[in-house]
Amino acid sequence: MSHLAAPLGTARGQDAAAVAASALRVNLGRRPVLLGVDFSIPAGGITGLLGPSGSGKTTLMRTIVGAQRIAGGTVEVLGLPAGTAALRRQVGYVTQSPSVYPDLTVEANVRYFGAMHRKGKTDVAEAIAAVGLEPLARRKTADLSGGQVNRVSLACALVAHPRLLVLDEPTVGLDPVLRADLWERFRAMARAGTTLLVSSHVMEEASRCDTLLLLREGRLLAQLTPAELSRRGHSSNLEQAFLAMIQAADHAGTAVEPETAESARRDGRLH
Amino acid sequence: MDFLMMLATTRRVLSQLRHDHRSIALILVVPAMLLTAVYFLYENESLPPGVPRTFDRVGLMMLAIFPFVVMFLVTSITMLRERTSGTLERLLTTPVHKADLLFGYGVAFSLMAALQSLVATAVAYWIFGLDIVGAPAYVVLIAVINAVLGVALGLFCSAFARTEFQAVQFMPVVVVPQILLCGLFVARDRMNDLLEAISNVLPLTYSVDALQEVAAHAEATSRLWQDVAAMAGISLGILVLAALTLRRRTA
């Protein structure tokens, strides 16, 4: 895919951000959902988007894939404003509830979404294999279990070989074995250079990410690594650590500024 | 516009339908059965010599109305599902052009409509001896254009329904007035001025007018082509409106 790197103008390497948001504000109808969010997602890793339900995770993801209008600030994806037509070839999006056609076979679903990216048979077979559904390829999607349908939905995104893959709660409803299996696949994709943004409200999954964005009530509580989270939240249990951070933030006042671990350590508020 | 993406959409819509045997049966068989009912309804009418059978008039018009009604329903429900299940939003994050989707739908359902009208027209001609002056090919042509009209209206109306129940409720609003005012029940020149004015802007009117031309003339008349052009133009206009209801970004 030689046309991928050049026209988007982002330098390849660790320092080029895959997604960069600045003072990003988003309203759903009249209701403000994201209240000025700043962050930068490094290319080629797994970034976890974590927060209680209703914190704005899905809205943030829809904004990044260009499905949601923004009310203020900027968000750049692979060097271009989110929603730019050229990005539709580069960004894959898997919605929370599987958006596939239940009355089509697994293969027909993946083939159709592949066709939207001019991908052929080989890519379709690869994508189905990547989610472990080869034996079910010719089965009707409606006849599959919930977890299997989730994987069909994932395959429909993988078939396009996106540079940025945005996954909204991809492991909901999966048994522990499948969940571990899926995270291995995400890791393999990240190693191959794909940037993944994965949302979850299961804090235990946070440990599998390289970076975490902690979202709460439309604001970014912090961007940090899992290790930093457990240090700042004084717990190796990431859920406890997250709760501790929320309490600390509430304690510090209503205006929660996103901060780095370094600045938090400097002013000693969390110690 | 990308021809391959449009074809992929057509193929996808048709294979969705292929798994649904009951819908296929309804699309293909029901019009023929209703036509049979109309035939027997007028079976015992006594006509003065030289006057055409009512079946030749009403049956003919029904051949054009079926594809319109059926395709309106099928399309509005299918498109509504696409909107509510998230597949539409997902598709609109891919490089696909809106026109590829809409025309993909249009082509798929027009093919179904062509099949449907072939069956219904064959039954009307061969079993019930439909007696008109013009060629049956024109009847099928008008039926297919009507189907495209139904598809376009269905795609458009699905934007205003949130549930399948609401989508079905658009039928009395959008379809029934057209059937009432198209000239099937009362000739249009005998309507009062207001109703005639309304019927002048309803697309189904032009297909009934076109069919009357086919019924009366062996060759295609210029009025037939005017009617066909009017229907095609209205359908295209509604498809453009439908495209405007497909938003890549929501507020």
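User: What share of the 271 residues in chain A is buried, and how is burial defined?

Analyst: A residue is buried if 20 or more other C-beta atoms lie within 10 Å of its own, exposed if 12 or fewer, and partly exposed in between, with C-beta atoms placed from the backbone. In chain A, buried residues make up 46% of the 271 residues. This is a predicted model, in which local features need pLDDT of at least 70, side-chain atom pairs count only at pLDDT 80 or more, and totals for chains, interfaces and linings use all residues. Residues are numbered from 1 along each chain as its sequence is written, while chains are lettered from A and ligands numbered from 1 in the order in which they are written.

User: What are the scores of the model and the mean pLDDT of chain B?

Analyst: The term pLDDT is the predictor's confidence in each residue, from 0 to 100. Where pLDDT is low, the predicted coordinates should not be read in detail. For chain B the mean pLDDT is 90, and 100% of its residues reach 70 or more. The model scores ipTM 0.87 and pTM 0.85.

User: How many helices and strands does chain A have?

Analyst: Helices (H or I, at least four residues) and strands (E, at least two) are DSSP runs, numbered from the N terminus. Chain A has eight helices and 10 strands.

User: In which order do the six strands of the open sheet in chain A lie?

Analyst: Two strands pair if DSSP finds at least two bridges between them. The order of this sheet is β6-β7-β8-β3-β9-β10 (chain A), and its pairing is mixed. The edge strands, β6 (91–94) and β10 (219–224) of chain A, each pair on one side only. Five bridges link β9 (residues 211–216) of chain A to β10(A) in the antiparallel sense. Within chain A, Leu214(A) stands opposite Ala222(A) in β10(A).

User: Which helices pack on that sheet?

Analyst: Packing is read from contacts: two residues are in contact if their C-beta atoms, placed from the backbone, lie within 7 Å. For directions, axes are lines fitted to C-alpha atoms, for helices over the stretch in contact, and angles run from 0 to 180 degrees between N-to-C directions. Helix α1 (residues 57–64) of chain A touches β3 (46–50), β7 (164–167), β8 (195–200) and β9 of chain A, and its direction makes about 155° with that of β8(A). Helix α7 (residues 238–252) of chain A touches β9 and β10 of chain A, at about 130° to the direction of β10(A).

User: What is the order of the four strands in the other open sheet of chain A?

Analyst: Their order is β2-β1-β4-β5 (chain A), with antiparallel pairing. At the edges stand β2 (31–42) and β5 (80–81) of chain A; each has a single partner strand, so one side of each is left without a neighbour in the sheet. Strand β1 (residues 17–28) of chain A is joined to β2(A) by nine bridges, and Asn27(A) stands opposite Pro32(A) in β2(A). Helix α1(A) lies across β1, β2 and β4 (72–77) of chain A, running at about 120° to β1(A).

User: Are Ala23(A) and His161(A), which have a positive phi, buried or exposed?

Analyst: Ala23(A), in strand β1 of chain A, has a positive phi of about 45° although it is not a glycine. Ala23(A) counts as exposed because it has 12 C-beta neighbours inside 10 Å. His161(A), also not a glycine, has a positive phi of about 50°; His161(A) lies in the loop between α4 (146–158) and β7 of chain A. His161(A) is buried, because 21 other C-beta atoms lie within 10 Å.

User: Where does helix α7 (residues 164–181) of chain B bend?

Analyst: The bend at a residue is the angle between axes fitted to the seven residues ending there and the seven starting there. In α7(B) the bend is about 35° at Val175(B), and a proline, Pro177(B), follows within four residues. Among the buried residues of α7(B) are Ala167(B) and Val175(B). The cover over the buried residues of α7(B) includes α3 (54–84), α8 (193–201) and α9 (203–216) of chain B. After α7(B) comes Gly183(B), whose phi is positive, near 110°.

User: How many residues does each chain give to the contact?

Analyst: Chain A gives 24 residues and chain B gives 22 residues. On the side of chain A that touches chain B, the elements giving two or more residues are β6 and α2 (106–115) of chain A. The most comes from α2(A), with four residues.
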